[in-house]
Amino acid sequence: DDDDDDDGASDGGEILVSKNIALEVETLHLTEKLLSVNPDPAYLWNHRRELLTSQTMSRVAGADNSSRSIKDPKFNLSPLEFIRQEQILTQTALQRNPKAYGPWFHRKWSFRHYLQQMLGDCNQDKARSNEESRREECIIMCKAELILCSEFLMMDERNFHCWNYRRFVVGTLIALYLYSCGSNDAMGTHFDGMWEVDFMNDTDATAAPGPPLIGAQMKAKRVILSPSSNDGIDAEDRNLVIKLLHSEWDFTSEKIYQNFSNGSAFHYRSKLLPLIHTENESRLTSEVINEELEIIRNAVFTEPDDQTSWWYFRFILSWMRDESTKTLDDEEYKRILYQEWESIHDLVDAEDGQCKWGLLGLHMIATAFCKKLEDEKYNGENWKEHVFSYLNQLLELDPDRSRRYETMLKEVEKH
């Protein structure tokens, strides 16, 4: 009798699981239809991910064909079939709304899930036999995603969602170039959109990665691009990374010249710059800086009131004097600052003094002479007087921010 009770409980449990699976499969079909029409609701994307990773769905995916309660070809998927299915859905959604947060995040999540399935078990002996073919398949998938990003950015070169996803794909591609499946325990969980591969480690190639390089705290030791670096990275793989970074650098140049208001391209360029110009340290000179300043001059003289290029100007002035890189000596730095002061001064004069961002640029240069360089009389100019002059002009030109300028004036008076 006890055996009969156990059999009954077992049958009841299987029926319940089958009903749960049927409901989840139906719901998954429904989320696909709804999101294809309206890709905006975040809760639908969240629910879809919950279903795709649920315990009951895992049972369907993990069971033998003979024991599956529900045989739905959309959910008995290989890693490649899974990523193709989610790519089609997100691509359909993005055609509806290219700037929807949900489909971009879901595409990134799906891609990470695919990489974890492909590479997460590479440390197992059974998987190591075909690890190189898996890695190549993932690399091909990354390159296809880059092509898709380029197509989206042809339609709207300022789609910051797409730029963010592109950086994630590039970071993933770099990781795939630099690591073999059996060499890193964290291979399957490493792809999170931050350039966290071993750029920062110059002593031990097996040590944990350093801080992410895509972020405000970019402070690279730039080991990876140095051919003489003793980090255990294969020369061919290193060259692939260098080629990829240069390709992305050229891509930002193309997009900036198409539209000087492309803040996403300027931002990406600011993250690439410390990496691109490190393979040859002699390039970290006024030549590189002048190339970037020439782009900025073209932009600000085209549209003086567009803040995009002015923010990149502030970055360049800070980067070329970064204490961690020692990019320029004092005299070269002063020469370039004075050169830019003359250029922006001409621009402000041409605008009859009605250029707020130009005045802010002049103020930044004058402040650099006074504070960073402590040379208030460089080239016969009284830079402290210039600071007062620019702030007083800004008070008249931009009264909405008068309190800010007044505070800046008080700080100058203290010194």
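**Aromatic pairs**

I counted 20 aromatic pairs, taking rings of Phe, Tyr and Trp (its six-membered ring) as paired if their centres lie within 6.5 Å, with planes under 30 degrees apart called stacked, over 60 edge-to-face and the rest tilted. I note that this is a predicted model, where local features need pLDDT of at least 70, side-chain atom pairs count only at pLDDT 80 or more, and totals for chains, interfaces and linings use all residues. Residues are numbered from 1 along each chain as its sequence is written, and side-chain values use heavy atoms, with hydrogens and water left out.

I looked up Y101 and F160, an edge-to-face pair at 6.3 Å centre to centre with 65 degrees between the planes. Y101 lies in helix α5 (residues 101-119) and F160 in helix α8, so this pair ties together parts 59 residues apart in sequence. Helices here are DSSP runs (H or I, at least four residues), as are strands (E, at least two), numbered from the N terminus. Y101 is exposed at 60% relative accessibility, and F160 is partly exposed at 42%. I use buried for under 20% relative accessible area, exposed for over 50% and partly exposed for in between (1.4 Å probe, protein chains only).

I then took F111 and Y114, a stacked pair at 6.1 Å centre to centre with 10 degrees between the planes. Both lie in helix α5, 3 residues apart, about one turn of the helix. F111 is buried at 0% relative accessible area, and Y114 is buried at 0% as well. Ring pairs link W104, F111, Y114, F152, Y165 and F168 into a cluster.

**Core**

I next asked which residues touch the most other members of the largest nonpolar core. They are F111, M320 and L337, in a core of 86 residues; a nonpolar core is a set of buried Ala, Val, Leu, Ile, Met, Phe, Trp, Tyr and Cys residues joined through side-chain atoms within 4.5 Å. Helix α8 (residues 160-178) gives the largest share of this core, 11 residues.

**Helix α14 and the whole protein**

I found 15 of the 17 residues of α14 buried, so this helix is largely enclosed by the rest of the structure. After α14 comes E374, with a positive phi near 50 degrees. For the protein I noted 16 helices and 0 strands, and 50% of its 415 residues count as buried.

**Cysteines**

I found 0 disulfides, a disulfide being a pair of cysteine sulfur atoms within 2.5 Å. For C138 the nearest cysteine sulfur, that of C142, is 7.0 Å away.
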